[in-house]
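This report covers helix packing, pockets and backbone geometry in the structure shown below.

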Amino acid sequence: MIICKTKNEIELMRQAGRVVAIAIEETSKHIKPGITTLELDEIAADVIKSHDCIPTFKGQYGFPRNICISVNEEVVHGIPGHRKLKEGDIVKLDVGATYKGWVGDSAASFPVGKVTPEAQKLMDVTKQAMLLGIDQMRLGHYLHDIAEAIHSYIEQFGFSTVADYGGHGIGRKNHEDPFVPQSRQKTRGMQLRKGMCLAIEPMINMGTAKVHVITDKWTVVTDDGKLSSHFEHSAAITDGEPIILTAR
Ligand code: MG
Ligand code: MG
């Protein structure tokens, strides 16, 4: 079931989203070789709680930490732990915050120290793909226009897009209908409506599109071990420009 949000509800989601943006920005300042992903998790949780929000992912489907942190070939759902970041890694912070029952969800990829030009390119292309996807969130467009915008952009660079995961509706729950694919679809999907709020989150791989879950039952990794990048914003459909809810 698709739940369209009122203007007031979108304003509450924007407040949740603003805290997500602050948490990502503040946590990212601590990204450097030697820091553990668990330390980053705790920094993010402190920022979220200090803004009267709840870390949404803690306990969601049984997730053990506050945010998801995925490194290099890890695509999404990495569990923060004692792994230390190394020079040249790329690290993805995926943060959810709940404010007065409304959720914001956003992710970004960051270099650890100096990374290869190829790694930087992958991150730049993924961020741009997300923005192109969000730009499709307009009345008169269809859900799969978002996937087409993302897919047709990233394939020019020889990258691949993960078919098994994607974006989602968002509101009182982090995951609402519809599923938002990021890979080209054979149909156009549903027509977009005013008040729909969607998390657009391309996961773009340097090599194969194929991924699998490792033995921790959470972390999704690329089959070929090559790098993956992830960017995400939650955004709302209006009768004009889409509103990015997780911008600062
Ligand atoms: Mg997310
Ligand atoms: Mg999401």
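## Helix packing, pockets and backbone

H1 and H2 cross with a right-handed sense (a crossing is left-handed if the near helix is turned anticlockwise from the far one by less than a right angle, and right-handed if clockwise; helices, H or I of at least four residues, and strands, E of at least two, are DSSP runs numbered from the N terminus). This is a predicted model, in which local features need pLDDT of at least 70, side-chain atom pairs count only at pLDDT 80 or more, and totals for chains, interfaces and linings use all residues. Residues are numbered from 1 along each chain as its sequence is written, chains are lettered from A and ligands numbered from 1 in the order in which they are written, and side-chain values use heavy atoms, with hydrogens and water left out.

The axes of H1 and helix H2 (residues 37–50) come within 9 Å and cross at roughly 145 degrees. Axes are lines fitted to C-alpha atoms, for helices over the stretch in contact, and angles run from 0 to 180 degrees between N-to-C directions. On H1 the contact (heavy atoms within 4.5 Å) uses Val-19, Ile-22, Ala-23, Glu-26 and Thr-27, and on H2 Leu-40, Ile-43, Ala-44, Val-47 and Ile-48. By class, these are eight nonpolar, one polar and one charged, where Ala, Val, Leu, Ile, Met, Phe, Trp, Tyr, Cys and Pro count as nonpolar, Asp, Glu, Lys and Arg as charged, and the others, Gly among them, as polar.

For H3 and helix H4 (residues 143–154), the axes come within 8 Å and cross at roughly 150 degrees. That makes H3 roughly antiparallel to H4 (angles under 35 degrees count as roughly parallel, over 145 as roughly antiparallel, 65 to 115 as roughly perpendicular and the rest as oblique). The crossing of H3 and H4 is right-handed. Val-125, Gln-128, Ala-129, Leu-132 and Gly-133 of H3 meet Ile-146, Ala-149, Ile-150, Tyr-153 and Ile-154 of H4.

Two pockets are listed here. On a 1 Å grid over the protein atoms alone, a pocket is an open set of points where a 1.4 Å probe fits, with protein on both sides within 12 Å along at least five of seven lines; lining residues have an atom within 4 Å of a point. Grid points are joined across faces, edges and corners, and a volume is the space filled by probe spheres set on the points.

| Largest | about 320 Å³ | Gln-60, Tyr-61, His-77, Asn-174, His-175 |

The lining of the largest pocket has nine nonpolar, seven polar and three charged residues. In the second largest pocket, strand S5 gives the most to the lining, with five residues.

Asn-72, in the loop between strand S2 (68–71) and strand S3 (74–76), has a positive phi of about 55 degrees although it is not a glycine.
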